[in-house]
Amino acid sequence: MLFDNHLKTFSKGGVHPADHKLSAGEGIEELPLPRSVTIPIYQHIGAPPKIVVERGDTVKAGQVIAIHEGFVSANIHSSVSGKVGKIDPVMDSSGYKHIAINIRVKGDDWEETIDRTDTLVTDIPYTASEIVEKVMQAGVVGQGGAAFPSHVKLSVPKGKVVDTLVINGVECEPYLTADHRVMLEKPHEVMIGAQILMKALGVSKAIIAIENNKQDAIQLLSTVAQGFPNITVEALKVQYPQGGERQLIEALLGREVPSGGLPHDVGAIVHNVGTTYSVYLAVQKNQPLVQRVVTVTGKSLKKPSNFLVRMGTPVIDLVTAAGGIPEDTGKVISGGPMMGKALADLKVPITKATSGILVIPEAETKRAETYQCLRCGKCIEACPMGLEPYHLMLLARGKNTDKTKEENILDCMECGSCSFVCPSNRPILDYIRFSKAKLKKAVKE
Amino acid sequence: MNAAIIATVLILVTLGAIAAVILYFVSQKFKVKEDPRLAAVTEALPSTNCGGCGLPGCNAFAEALVKADDLAPYHCPVGGNEVMKEVAEILGMEVEERDPYVAVVRCSGSFEARKQTSIYDGAANCTVATALYSGDHGCAYGCVGLGECVDACDFEAMYMDEKTGLPVVIEDKCTACNACVKACPKDILELWPVGRKSQRIYVACKSEEKSGVARQECSVACTGCAKCFDECKYDAVLVENNLATIDFEKCTLCAKCVVVCEANSLKADNVPDKTLEKLLERHKKKLEKEKAERRASKQSDTEDSPVTKTEKDAVR
């Protein structure tokens, strides 16, 4: 890691938080079935799906319980078998109440069409449109954090030419190891998943990008990739936020996605490793996205682990399985320490976007005292999008929302590098998020 | 030597004189005709620049007033009727008197009433906290308690009560400039007419949560039980989305609704305690009477019961 200066990375901004990958050596462990699951129907970006079950219905694992409405939306499947209970607003990781379906677990019956064996299916007999359809039916969304429906990303608009598929195994967030474990334990599946995505997009080149702090994954995947022409593995210099689409494309291909544009504008599509694995399961095994790998970690936690968890399992179950909540806990965060969100309640369900649960000791959670802005410009140096965070914060605080839009606040991906480097401990990202939320609402209305 | 100095002085004096003449004619030609009343109107306004009139500052308001054909749509909430009367005199127009308004806090979720479920340590700003989550207590509709309204107030008419964690409006200082109403992300602050003898009755809750959930989150939450609706003879109460709201135009301040509310969600500002006590006593008596009646009717039911019993037996 010390001698990685010859490796590629993105050019603008970036920071180096300590990586604390405590659970990197822990294998993926299947979490025992919970007593009941609470499945929020709003787990992705886009329109919420329509609920198709009623209270008292008996459902099987893998059965559709909410159907997508419109193109940018995703199906929701039951992650367990049992009886549908209350359909009520429940607090989710957003901190607000949204409609969720409660299912009391009974046995573990799966839909007959689903293949749950571990046998590798290598043939891909489907056409591109069949693959997109299958991915859509399986409710696969991006598992890197934003939860953007994957079938939308696979449908490249007319007039755009995509030449490269990038599989994102960067996992630049400190602490998180879910993608790392998937790469180590399911390398062949990830490769076939990548082939499926390549076929759907009609591209002939795929790059699996991994940061240099995951040497074992780089070596393993490089070996496996020898059996797959057109797929290469590339090690990248460690730098946060390299897992961001735009940063990754710039690091690998040297192409810059324009402001307000999307990756396909520069001929690239990025999919996360976890998503690629889900695509494999959806297309080859008919298995919808009902479970995912979640890292449960923290310095004081007895047993940092990587669990295979059914959607809708309460967070508290995962923490209990990892040794219970340590006494010195200050915050429990859904996601990583940089972009994650502190939970207001531990009964919050795991969703398709939950990549990790991080238990942080109280001493580390306290925000330090804030001081006046020094105009030192560190936030500008750190911003990977080339924005002026201190200025955006001042505009946001003055509720000058129109002006923040002119200053391209919507380019901000909320990586938190600005707040991380600020010597005055100013809550820069808090205010930027606030202004973005205001702008998005204005767009919706 | 002397000649050079004299020549310089002469040239400069002539240049100055020519420039003065040009400037005089230019200023005559491009003179900005200002309404002489504008200065007087500006003078009459309170120059607080609070924006309560809906215009950016007192100068803009004065300009709008001078240009206006009718003063009816304009009102300075800070100066109130007196200032508007003065302005009307300057402009030679008539103006109708308006009821004075005051800000009310429509949340009574004090620290005691609602449990704190989490600790917020982000930026101390209500709107930022709201963008992140529903608040450090269960209620997504209630006061966030970070005092953005107090910061917005230019008149020192508000403060945060440390015991309850809620903002308090100092009635005498409040000018109804609307700044706090605009600042509150949860829309808890509202402008109400000051009312007869400064009395106001309103539902100090905005929770649209279902009754059970609302009560679980906050002991003074309005559950939309509609008891106040049943009590009101003047149609002043509207129950919608599990929440009662009082229409101040219809309310006669009889305060009967206040005592029937079991959750104490209704607030009666400046209504004498004696009146409320009397009403409460009357309400209690009424309840007892109803209870007695019910018991009596039940007894009569049980007297009739042999018949029903036999009927039931027959069914069996």
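The model is predicted, so local features need pLDDT of at least 70 and side-chain atom pairs count only at pLDDT 80 or more, while totals for chains, interfaces and linings use all residues. Residues are numbered from 1 along each chain as its sequence is written, and chains are lettered from A and ligands numbered from 1 in the order in which they are written.

Chain A holds an open sheet of six strands. Their order is β1-β14-β13-β17-β15-β16, and the pairing is mixed. Strands are DSSP runs of E with at least two residues, and helices are runs of H or I with at least four; both are numbered from the N terminus. Two strands pair if DSSP finds at least two bridges between them. β1(A) runs parallel to β14 (residues 305-310) of chain A, and three bridges join them. Within this pair, A:Glu30 has A:Leu308 of β14(A) as its bridge partner. Helix α3 (residues 178-185) of chain A packs on the sheet. The helix touches β1, β13 (291-297), β14 and β17 (356-361) of chain A. Its direction makes about 125 degrees with that of β13(A). Axes here are lines fitted to C-alpha atoms, for helices over the stretch in contact, and angles run from 0 to 180 degrees between N-to-C directions. Contact means that the C-beta atoms of two residues, placed from the backbone, lie within 7 Å.

The domain assignment of chain A, automatic or from a database, gives domain 1 (128-285) and domain 2 (378-444). Their C-alpha centres lie 28 Å apart. Five residues from domain 1 of chain A and six residues from domain 2 of chain A make up the contact.

In chain B, strand β5 (residues 200-203) pairs with β8 (residues 266-269) in the antiparallel sense over four bridges. B:Val203 stands opposite B:Leu266 in β8(B). B:Arg200 and B:Tyr202 point one way from β5(B), and B:Ile201 and B:Val203 point the other way. All are buried, with 20 or more other C-beta atoms within 10 Å of their own C-beta atom, placed from the backbone (12 or fewer is exposed, in between is partly exposed). Chain B is assigned domain 1 (36-91), domain 2 (100-194) and domain 3 (196-300). The C-alpha centres of domain 1 and domain 3 of chain B are 41 Å apart.
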